[in-house]
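Subject: Structure handover

Hello,

Here is the structure I promised to pass on. Please have it open while you read; my notes follow below.

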Amino acid sequence: MAYSNEELCEAKRQIDSTLHKLRETVQTLRGKENPARYKSQITLAERRIRAFSIANALIEQALEE
């Protein structure tokens, strides 16, 4: 499926925003008094960060073509 540059740029902008929020969430959870209590939430956020980073890289490749 082909996407316009505008669609790809908007998707990248949204992913960048989500990545920023996820990174802030991880930082906040790790800074809590007992971060081990939040291990599953931290793991989930880190996996999402990796997934969105991959999506961002693929969007950047598509924009370069």
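First, a definition: a residue is buried under 20% relative accessible area, exposed over 50%, and partly exposed in between (1.4 Å probe, protein chains only). This is a predicted model, where local features need pLDDT of at least 70, side-chain atom pairs count only at pLDDT 80 or more, and totals for chains, interfaces and linings use all residues. Residues are numbered from 1 along each chain as its sequence is written, and side-chain values use heavy atoms, with hydrogens and water left out.

Now the helices and the core. Helices (H or I, at least four residues) are DSSP runs, numbered from the N terminus. A nonpolar core is a set of buried Ala, Val, Leu, Ile, Met, Phe, Trp, Tyr and Cys residues joined through side-chain atoms within 4.5 Å. The largest one here has 11 residues, including Leu8, Leu29, Tyr38 and Ile59. Helix H1 (5-30) and helix H2 (39-64) are the elements that give two or more residues to this core. H1 gives the most, with six. In general, nonpolar side chains tend to be buried together in soluble globular proteins.

Next, H2. It has 26 residues and reaches 38 Å from its first C-alpha to its last. That is close to the 38 Å expected at 1.5 Å a residue, where the expected span is 1.5 Å times one less than the number of residues. Its buried residues are Ile42, Ala45, Ile49, Asn56 and Ile59. They pack against H1.

Leu29 is worth a look. Contact means heavy atoms within 4.5 Å. Leaving aside neighbours within four places in sequence, Leu29 is in contact with Pro35, Tyr38, Gln41 and Ile42.

Last, the charged pairs. A salt bridge is a side-chain nitrogen of Lys or Arg within 4 Å of a carboxyl oxygen of Asp or Glu. The structure holds four.

- Arg13 and Glu10 meet at 3.0 Å, N to O. Both lie in H1, three residues apart, about one turn of the helix. Glu10 is partly exposed, at 34% relative accessibility.
- Lys12 pairs with Glu60, with the closest N and O atoms 3.3 Å apart. This pair links distant parts of the chain, H1 and H2, 48 residues apart. Glu60 is partly exposed at 36%. Lys12, Asp16 and Glu60 are linked in a network of salt bridges.
- Arg30 pairs with Glu46, with the closest N and O atoms 2.0 Å apart. Arg30 lies in H1 and Glu46 in H2, so the pair ties together parts 16 residues apart in sequence. Arg30 is partly exposed at 49%, and Glu46 is partly exposed at 23%.

Best wishes
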